[in-house]
Amino acid sequence: MDRRGHLTGKSSVPDATVIDGAARGLPISRRAQRRRAGDALMPYLYILPAALIVGLVIVYPLVDVFQASTQTLSAGASQYVGGANYDLVRTDPVFWQAVRDNATLLLAVPILVVLSLLFAVLLFERVRGWRIYRTLIFLPYIMAITVIGTVFGLLYEFDGPLNVALRGLHLNWLALDWLGNANLAIPSVMSVIIWRELGFGTILFLARLMSVREELFEAARLDGANWWQVQWHITVPQLRTVIEFFIIIEIINMMSGVFNYIYVMTSGGPGFASQVLEFYIWQNAFAFRQGGIAAAAAVLLLGVTVVFVFLQFRVRRGGTVADE
Amino acid sequence: MPAPGRRSVRRRAISPGSVLKQTALWLICIVALTPLYFLVVTSLKSKTEYLLNVWGLPLRPTLENFSAAMADGRLIAWTWNSTVVTFLSVAVCTIVSALAAYAFAQMQFRGRDVLLNIFIAMIVIPPVIMIIPLFILMVNINLVNTYWGAIIIYAGLMIPFSIYLLTNFFRTVPREIIDSGQIDGCSRWRIFTALVLPLSMPALVTLVIVNALYVWNELLIALTFLQDDSVRTLMAGLTEFKGRFFLNQPLIMTGALIATVPMVVVYVAGQRYFVRGLVAGAVK
């Protein structure tokens with residue numbers, strides 16, 4: 001567990017000189033802290049248990065996955081193969097299918113933003129019965145993805161309930177093989193993701209809207225702004241930070257939070273038509289026993305994740321920089 | 001759209017705008033509810049009735065699916081496994097995260113901001129990246145197919161966000177309260193347990209609910225590290241159940257419905273905190 005020391009070892013350096021109660025204008029606590037030199041170690045002891053677990057579960061695997069990606073891992077014996085796994089990934093059409101499918105899922109993000117905004121605004125206008133509507137719209141979000149995937153997997157069967165209804169409405173041309181058609185599988189999965197995440201977006205935007213000062217809307221109306229103008233000039237700017245947050249959360253979600261849907265609804269199929277990177281990695285590792293290839297793909301996904309990290313610092317800066 | 005210029009129109013008057021709004025909300029609610037309606041009514045139908053009457057209410061409601069689903073006791077065993085794993089992983093995570101967050105929020109030390117930022121950066125790392133080294137590690141220390149293997153992994157995955165959330169909350173504990181505790185000669189530990197934690201109850205409850213739902217619903221880790229039926233969680237069990245009874249749609253829906261019940265109970269009990277948890281960090 002040497003690598004873990006990276007986190008904990010660094011953190012256990014006691015140094016009384018950095019204790020800086022004065023920065024917060026607190027001479028009392030500063031003196032109290034200086035009184036006992038042992039105090040300097042204390043903060044690190046509080047952090048230690050969390051650091052140990054995270055070191056084991058996140059930091060060590062993140063380091064080790066690089067090593068794993070340069071080896072073939074089969075039946076206990078591993079052998080160094082350099083960049084061979086990366087070449088295999090790079091030339092694997094299924095990998096590129098997975099990348100394309102993740103990219104396609106990103107299309108759900110703008111759709112989600114627009115729809116969530118629309119319904120948040122409608123609810124905010126206190127349309128009669130808005131509390132009930134709010135509860136109902138939010139309902140899908142509290143369902144487990146596995147359950148949702150199971151239900152939609154059934155609904156979308158070729159002779160399933162959706163197509164029964166469509167045929168009943170004489171829309172036979174629309175009764176498609178939603179999950180069995182290679183071109184439709186990902187859009188169908190996307191529709192389910194939108195179905196669930198819409199509740200989250202709507203609640204999020206509505207919560208923020210409720211804290212906008214009412215006078216802003218009032219003033220705009222008095223100035224003769226119409227409904228669309230009010231939304232465009234007041235609602236959207238006021239919600240800018242929360243919209244940004246939602247977009248980033250959903251981008252991350254589409255890139256790295258859709259394994260459940262795929263596993264339950266399509267198992268990556270038909271054929272390899274509905275892959276996402278997560279599923280590709282998991283399938284190579286545990287179904288195909290190609291740990292090296294999976295590790296190489298994981299390293300590539302980690303590269304994308306670095307972008308997520310920057311994005312999330314952008315939206316979380318309020319929490320990280322002292323917010324006093 | 002309601003023209004603002006017509007503010008003089010009586011409030012209760014039905015404008016074309018409000019009809020449009022009501023229609024839009026009606027539509028989205030129908031879309032939101034239809035799959036849930038299907039889930040519930042299908043579980044009350046026999047296989048025969050389902051084939052003849054897919055969408056309608058059950059003409060001859062039956063509980064036979066429920067008894068069939070419960071018959072071998074596996075659903076109950078899976079539910080118990082989920083409960084154990086969820087309870088312990090959330091407990092471990094909450095305790096160690098609260099300790100760390102207290103240090104980050106209320107103490108001064110070298111490397112504090114860097115360490116906190118490392119934790120925050122880890123929030124967005126997809127677990128699937130860690131899964132291969134983790135699996136090898138867990139095999140080597142014999143923790144695959146044990147509760148504790150999964151518990152440690154879940155706790156580790158939840159700690160970054162938990163520290164982030166609690167640090168933000170602990171920072172809002174007024175300095176005067178901390179200072180008065182110090183003047184009274186309280187130790188850091190005493191200030192933490194007697195002042196900071198009780199004042200942070202709402203944040204802790206929120207965190208526990210959000211994390212508990214995460215573990216309860218998680219699938220990737222559950223499929224990988226709890227493969228044996230004796231330790232399988234409910235969600236992983238449901239996928240297995242679905243595979244086994246793939247020809248019996250009402251039975252599958254019954255399994256899905258049963259798997260949903262515990263979560264809905266938690267959600268209804270803690271609705272306030274849950275929504276707050278979702279919004280936490282989003283609304284500045």
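Axes here are lines fitted to C-alpha atoms, for helices over the stretch in contact, and angles run from 0 to 180 degrees between N-to-C directions. Helices (H or I, at least four residues) and strands (E, at least two) are DSSP runs, numbered from the N terminus. This is a predicted model, in which local features need pLDDT of at least 70 and side-chain atom pairs count only at pLDDT 80 or more, while totals for chains, interfaces and linings use all residues. Residues are numbered from 1 along each chain as its sequence is written, and chains are lettered from A and ligands numbered from 1 in the order in which they are written.

**Stop 1: across the two chains**

Select helix α7 (residues 130-142) of chain A together with helix α1 (residues 16-43) of chain B: their axes come within 9 Å and cross at roughly 40°. α7(A) and α1(B) are therefore oblique to each other; angles under 35 degrees count as roughly parallel, over 145 as roughly antiparallel, 65 to 115 as roughly perpendicular and the rest as oblique. The crossing of α7(A) past α1(B) is left-handed, meaning that the near helix is turned anticlockwise from the far one by less than a right angle, with clockwise giving right-handed.

Now show side chains. From α7(A) come A:Y133, A:L136, A:I137, A:L139 and A:P140, and from α1(B) come B:L25, B:I28, B:C29, B:A32, B:L33 and B:L36. Residues are in contact if their C-beta atoms, placed from the backbone, lie within 7 Å. This contact of α7(A) with α1(B) has 11 nonpolar residues, no polar and no charged. Ala, Val, Leu, Ile, Met, Phe, Trp, Tyr, Cys and Pro count as nonpolar, Asp, Glu, Lys and Arg as charged, and the others, Gly among them, as polar.

**Stop 2: the whole interface**

**Stop 3: inside chain A**

Next, pick helix α6 (residues 108-124) and helix α10 (residues 185-209) of chain A, whose axes come within 7 Å and cross at roughly 45°. α6(A) passes α10(A) in a right-handed crossing. Among the residues that meet are A:F119 and A:F124 in α6(A), and A:E197 and A:F205 in α10(A). The contact of α6(A) with α10(A) divides into 17 nonpolar, 3 polar and 1 charged.

**Stop 4: inside chain B**

Colour chain B by secondary structure: you will find 14 helices and 0 strands. Select helix α4 (residues 74-106) and helix α7 (residues 147-171) of chain B, which pack at an angle of about 35°, with their axes 6 Å apart. Here too, α4(B) passes α7(B) in a right-handed crossing.

**Last stop: one residue**

Centre on B:V205, found in helix α10 (residues 201-217) of chain B. With 16 other C-beta atoms within 10 Å, B:V205 is partly exposed (20 or more would be buried, 12 or fewer exposed, and partly exposed lies in between, with C-beta atoms placed from the backbone). Leaving aside neighbours within four places in sequence, B:V205 is in contact with B:G270 and B:Y273.

Conventions. Two residues are in contact if their C-beta atoms, placed from the backbone, lie within 7 Å.
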